[in-house]
2 protein chains.
Amino acid sequence: MRHALREAELAYQLGEIPIGAVVAFTATGQVIGRGHNQTEQLRDVTAHAEMLALTAAANHLGNKYLHDCTLYVTVEPCVMCAGAAAWAQVPRVVFGAPEEKFGYRRHGQLLHPRCELVTGVLADECAALMQRFFAERRK
Amino acid sequence: MRHALREAELAYQLGEIPIGAVVAFTATGQVIGRGHNQTEQLRDVTAHAEMLALTAAANHLGNKYLHDCTLYVTVEPCVMCAGAAAWAQVPRVVFGAPEEKFGYRRHGQLLHPRCELVTGVLADECAALMQRFFAERRK
C-alpha cells in the first residue's frame with residue numbers, strides 16, 4: 001500500500017484527485033503495474049488509477065487475467081474499477097479509505113466471486129490525502 | 001446502431017467476442033468515437049468496445065464529459081462500461097441485445113441518474129452475431 005500511496009501523491013502533485021494503485025504478485029510483493037488517477041490530464045474518465053494499474057500489469061504479464069496478483073488502491077474502487085478487477089479475475093483487492101458516495105460497495109458485490117477483500121489498510125493516510133486535496137480545492 | 005454493428009462485425013472477424021460501440025452527437029448523429037471489443041488482441045480486460053469508444057470520443061472533444069452524446073452499443077454494457085458511461089455523464093445510452101449474465105442491469109441502476117436508456121434496437125442482429133460467435137467457438 002505504500003507504493004499505492006506514492007502513486008496517489010503523484011496524482012496530488014499533478015492536481016488530480018489523489019488516488020493511486022498498484023498491482024503486485026501476492027506471493028512476493030513484486031509490483032508489476034502502477035497507476036495514478038489521470039482523468040484530468042488525459043481528459044478521460046476511464047483513466048482511474050486502478051484501470052491504469054490493471055492494464056499495466058496485464059501488459060507486463062502478457063495475460064489479461066491477473067490470477068496471482070493483489071490490487072492495492074488507496075481508496076475504495078468505483079463501479080467501473082471493481083468491474084475491471086472482476087474481469088481480470090483479480091483474487092485479492094486491498095483498499096485504504098472507504099468511499100461512501102462513489103465506492104462500488106453500495107451497489108453490492110461487484111468484485112469476482114472468489115475475490116478476497118481487505119479494507120482499511122493505511123486508511124488514515126489515504127483519506128488524509130483526499131481531504132487535503134478537496135479542502136484546497138474549496139478555497 | 002448500424003455503425004456499432006459494423007464495429008461488432010470487425011470484432012467477430014478478429015476472433016473477439018463480437019461487441020461494437022460508437023459515440024455520436026445526439027442532435028446530428030455524427031460519430032465521434034468508435035470501438036470494437038479488443039480484449040484478446042490487447043490482452044486487456046479494459047479494452048471493451050464501449051471503453052474504447054468513450055475514450056475516443058473524449059479525445060475527439062478534448063473533454064471527458066460527453067454531454068451532447070449518445071452511446072450506442074450492440075449488447076447491454078457490463079458493470080465496468082456502465083460505470084464509465086456514468087463518469088462521462090453520457091445522457092443517452094442505446095443498446096441492442098440484453099445480456100442476462102454480464103449486463104449491468106442485474107446490479108441496479110449504474111448509469112448516470114439523468115441518463116435516458118433505450119434498449120432492443122436491432123436486438124436480433126446484435127444477438128445473432130453473438131450466438132454465431134459462441135456456436136462456432138463451441139465446435
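Predicted model: local features only at pLDDT ≥ 70, side-chain atom pairs only at ≥ 80, totals over all residues.
Chain A contains four helices and five strands. From the N terminus on, these elements follow the order α-β-β-α-β-α-β-β-α. The radius of gyration of chain A is 14 Å, close to the 14 Å that the globule rule gives for 139 residues, so chain A is as compact as a globular protein of that length. Along the principal axes, the C-alpha atoms of chain A fill a box of roughly 45 × 30 × 25 Å. Of the 139 residues in chain A, 53% are buried. Among contacts in chain A with a separation of 6 or more, 57% are between residues 24 or more positions apart.

The contact between the two chains draws 26 residues from chain B and 26 residues from chain A. Interface size is often expressed as the accessible area lost when the parts come together. Here, chain B and chain A bury about 2200 Å² between them. Carbon and sulfur atoms carry 69% of that area. Val45(B), Lys64(B) and Trp87(B) supply 31% of the area that chain B buries against chain A, more than any other three residues.

Polar links also cross the contact. Six residue pairs are in polar contact between chain B and chain A, counting pairs with both residues at pLDDT 80 or more. On chain B, the elements that give two or more residues to the side touching chain A are helix 2 (49–61) and helix 3 (79–87). Helix 3 of chain B gives the most, with five residues. By class, this side of chain B has twelve nonpolar, ten polar and four charged residues.

Two salt bridges are counted between chain B and chain A. In one, Glu40(B) pairs with Lys64(A), and the closest N and O atoms are 2.7 Å apart. Another joins the side chains of Glu40(A) and Lys64(B), at 2.7 Å from N to O. Glu40(A) lies in the loop between strand 2 and helix 2 of chain A, while Lys64(B) lies in the loop between helix 2 and strand 3 (69–75) of chain B, so the pair joins two chains. Glu40(A) is partly exposed, at 41% relative accessibility. Lys64(B), by contrast, is buried at 14%.

His48(A) also takes part in the contact with chain B. This residue, His48(A), sits in the loop between strand 2 (31–36) and helix 2 (49–61) of chain A. At 13% relative accessibility, His48(A) is buried. Beyond its neighbours within four places in sequence, His48(A) contacts Asn37(A), Thr39(A), Cys78(A), Met80(A) and Cys81(A), together with Trp87(B) from the other chain.

Over all chains, the whole structure holds ten salt bridges. One of them links the side chains of Arg34(A) and Glu7(A), at 4.0 Å from N to O. This pair connects distant parts of the chain, with Arg34(A) in strand 2 and Glu7(A) in helix 1 (residues 2–13), 27 residues apart. Arg34(A) is partly exposed, at a relative accessible area of 41%. Glu7(A) is buried, at 9%.

Within chain B, the side chains of Glu76(B) and Arg105(B) form a salt bridge at 3.1 Å, N to O. Glu76(B) lies in the loop between strand 3 and helix 3, and Arg105(B) in the loop between strand 4 (92–97) and strand 5 (116–119), 29 residues apart. Glu76(B) is buried, with a relative accessible area of 6%. Arg105(B) is partly exposed, at 38%.

Notes
Residues numbered from 1 in each chain as written. Chains lettered and ligands numbered in written order. Heavy atoms only, no water. Contact = heavy atoms within 4.5 Å. Buried area = accessible area lost by both parts, 1.4 Å probe. Polar contact = N/O pair within 3.5 Å; in protein donor to acceptor, adjacent residues only side chain to side chain. Nonpolar A, V, L, I, M, F, W, Y, C, P; charged D, E, K, R; others polar. Rg over C-alpha atoms; globule rule 2.2 N^0.38 Å. Buried < 20%, exposed > 50% of the residue type's maximum accessible area, 1.4 Å probe, protein only.
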